[in-house]
Amino acid sequence: MRQVRVLIGAACLATATLSFEGCASTSTESYTPPTSIYGAMDSTSLVYTNPMAASPINDHPLRWVTFLLHPVGVVIDYGINRPVYGLSSLNPNLHGYTSEDAMLDAQRYRLGTP
C-alpha cells in the first residue's frame with residue numbers, strides 16, 4: 001500500500017514538473033501588439049481610437065435586422081406591455097401581478113427610463 005502511495009506521489013510530482021517546463025520553452029508564435037492600449041468595448045476607445053478599426057470586417061447580417069426592428073419593439077413596449085402592466089397593477093390578485101413586478105416597475109421609473 002505504501003508503494004502505491006509513493007508511485008502516485010512520484011507521478012503527480014513528475015506531471016507538475018513537466019507542466020511547468022512546458023511554459024518555459026520557446027515558442028514559434030510571434031507577438032502582435034494591439035493597435036491601441038484601449039479595448040474595443042472601452043468607452044475611452046471612442047475618443048482615442050477609430051472604433052471601426054476594432055469592429056469585424058464582415059458584420060453579422062441579422063444585426064442590421066435588429067437595428068431596423070428596434071423601433072418596433074419600443075412601440076410594442078410602450079403601446080402594449082407597459083399599459084398591460086399598469087392595468088394589472090390595479091388589481092394584483094386577479095391578474096397575478098407580483099411584488100417582483102412592482103419592484104421592477106418602480107425601478108424603471110426611478111432610474112429615469114420612461
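Is leucine 69 buried, partly exposed or exposed? Leucine 69 is partly exposed, because its relative accessibility is 49% (buried means under 20% relative accessible area, exposed over 50%, and partly exposed in between, with a 1.4 Å probe and protein chains only).

## Basis of the model

This is a predicted model, in which local features need pLDDT of at least 70, side-chain atom pairs count only at pLDDT 80 or more, and totals for chains, interfaces and linings use all residues. Residues are numbered from 1 along each chain as its sequence is written, and side-chain values use heavy atoms, with hydrogens and water left out.

## Overall composition

The protein chain has six helices and zero strands, where helices (H or I, at least four residues) and strands (E, at least two) are DSSP runs numbered from the N terminus. The order of elements from the N terminus is α-α-α-α-α-α.

Of the 114 residues in the protein chain, 6% count as buried. The chain exposes about 10300 Å², and carbon and sulfur atoms supply 67% of that area. Accessible areas come from the Shrake-Rupley method with a 1.4 Å probe; for residues, only the protein chains shown count as cover.

## Helix α4

Helix α4 covers residues 61-88 and includes leucine 69. Its 28 residues reach 38 Å from the first C-alpha to the last, close to the 40 Å expected at 1.5 Å a residue; the expected span is 1.5 Å times one less than the number of residues. At leucine 69, α4 bends by about 40°, and proline 71 follows within four residues. The bend is the angle between axes fitted to the seven residues ending at a residue and the seven starting there.

Leu69 also belongs to a nonpolar surface patch of about 620 Å², made together with Leu62, Val65, Val72, Ile76, Ile80 and Val84. Patches consist of residues with over 30% relative accessible area and no salt bridge, with like charges joined within 9 Å and nonpolar side chains (Val, Leu, Ile, Met, Phe, Trp, Tyr) within 5 Å.

## Salt bridge

One salt bridge is counted, defined as a side-chain nitrogen of Lys or Arg within 4 Å of a carboxyl oxygen of Asp or Glu. The side chains of aspartate 77 and arginine 82 form this contact, at 3.1 Å from N to O. Arginine 82 counts as buried because its relative accessibility is 15%.

## Aromatic pairs

Two aromatic pairs are counted. Rings of Phe, Tyr and Trp (its six-membered ring) pair if their centres lie within 6.5 Å; planes under 30 degrees apart count as stacked, over 60 as edge-to-face and the rest as tilted. The rings of tryptophan 64 and phenylalanine 67 have centres 5.5 Å apart and planes at 65°, so this pair is edge-to-face. Both residues lie in helix α4, three residues apart, which is about one turn of the helix. Tryptophan 64 is exposed at 53% relative accessible area, and phenylalanine 67 is partly exposed at 44%.

Tyrosine 85 and tyrosine 97 form an edge-to-face pair, because their planes stand at 70° with the ring centres 6.3 Å apart. This pair links distant parts of the chain: tyrosine 85 is in helix α4, and tyrosine 97, twelve residues away, is in the loop between α5 (92-95) and α6 (99-110). Tyrosine 85 is partly exposed at 32% relative accessibility, whereas tyrosine 97 is buried at 12%.

## Glycine 86

Glycine 86 is found in helix α4 and counts as partly exposed at 32% relative accessibility. Its C-alpha atom is separated by 9.0 Å from that of aspartate 105, 19 residues apart along the chain.
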